[in-house]
Amino acid sequence: STPTIALLQSRFRWRPELLAAATSYLENIKWEAAITRSDGLVLIGIHVRVAGRIGSTKNNVASVSYFYRAIRLMRQLHGTRARFVVCSDDVGWSKKQPCFRAPDIHVATHLNATAVDEGSYSMAMLSLCQSLIQ
């Protein structure tokens, strides 16, 4: 676990409905992968911030090439055990990016968006991952 994730896990306690929604989403990813994998998966969260920083212009804090390189590095480190979960403030944009279109990458959709805050849901999900790309 990275220092950032360890800090989040030690300082924050999630509301039960957030934790349940995030855990359920990640368990589905593990279940799908378990069909072909018997050893432990490594869940890697990818935090993608797309929201406009200046006016209405969309500026991703990290470039798409950064994500390509980070994903490649994590695949080298963890091999086929790696599963990526993209949490973004713009799911539509993230789904369109070629760097996030692979069988081992899941762009998280916000389940029960009316019941939970999307930003909190994303942060809860990222805190449950073993590693983080941000």
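This is a predicted model: local features need pLDDT of at least 70, side-chain atom pairs count only at pLDDT 80 or more; totals for chains, interfaces and linings use all residues.
Residues are numbered from 1 along each chain as its sequence is written, and side-chain values rest on heavy atoms, with hydrogens and water left out.

Helices (H or I, at least four residues) and strands (E, at least two) are DSSP runs, numbered from the N terminus. Four strands form an open sheet in the order β3-β2-β1-β4, with parallel pairing; two strands are taken to pair if DSSP finds at least two bridges between them. Axes are lines fitted to C-alpha atoms, for helices over the stretch in contact, and angles run from 0 to 180 degrees between N-to-C directions. Strands of a sheet pair through backbone hydrogen bonds, either parallel or antiparallel.

Strand β1 pairs with β2 in the parallel sense over seven bridges, and V48 stands opposite S88 in β2. Three bridges join β1 to β4, again in parallel, with I44 having S131 of β4 as its bridge partner. Strand β2 (residues 82–88) is joined to β3 by three bridges, and these strands also run parallel; here V86 is partnered by V107 of β3. Six of the seven residues of β1 are buried, where buried means under 20% relative accessible area, exposed over 50%, and partly exposed in between (1.4 Å probe, protein chains only). Helix α5 (residues 118–127) lies across β1 (42–48), β2 and β4, and runs at about 160 degrees to β2.

The largest nonpolar core contains 19 residues, of which I46, F67, F84, F100 and I133 touch the most other members. Such a core is a set of buried Ala, Val, Leu, Ile, Met, Phe, Trp, Tyr and Cys residues joined through side-chain atoms within 4.5 Å. At least two residues of this core are supplied by each of β1, α3 (64–78), β2 and β3. Leaving aside neighbours within four places in sequence, I133 is in contact (heavy atoms within 4.5 Å) with residues including I44, I46, F67, A70, M74 and F84. A second, separate core of 16 residues includes L18, Y25, I29 and V85. In soluble globular proteins, nonpolar side chains tend to be buried together.

Two aromatic pairs were found in a search of the whole structure. One of them, between Y66 and F67, is edge-to-face, with 5.4 Å centre to centre and 70 degrees between the planes. Rings of Phe, Tyr and Trp (its six-membered ring) pair if their centres lie within 6.5 Å; planes under 30 degrees apart count as stacked, over 60 as edge-to-face and the rest as tilted. Y66 is partly exposed, with a relative accessible area of 28%, whereas F67 is buried at 1%. Together with F100, Y66 and F67 form one aromatic cluster.

The structure holds four salt bridges, each defined as a side-chain nitrogen of Lys or Arg within 4 Å of a carboxyl oxygen of Asp or Glu. R15 and E17 meet in one of them (2.7 Å, N to O); R15 is partly exposed at 40% relative accessible area, and E17 at 38%. K30 and E27 form another (3.5 Å, N to O). Because K30 and E27 are three residues apart in helix α2 (residues 16–34), they are separated by about one helical turn. D89 forms a salt bridge with R49, the closest N and O atoms being 2.7 Å apart. This pair links distant parts of the chain, 40 residues apart: D89 belongs to the loop between β2 and α4 (91–96), and R49 to the loop between β1 and α3.

W14 is placed in the loop between α1 (3–11) and α2 and is partly exposed, with a relative accessible area of 22%. Not counting residues up to four places away in sequence, W14 touches L19, S120, M123, A124 and S127. The C-alpha atoms of W14 and A124 are separated by 6.8 Å, although these residues are 110 residues apart along the chain.
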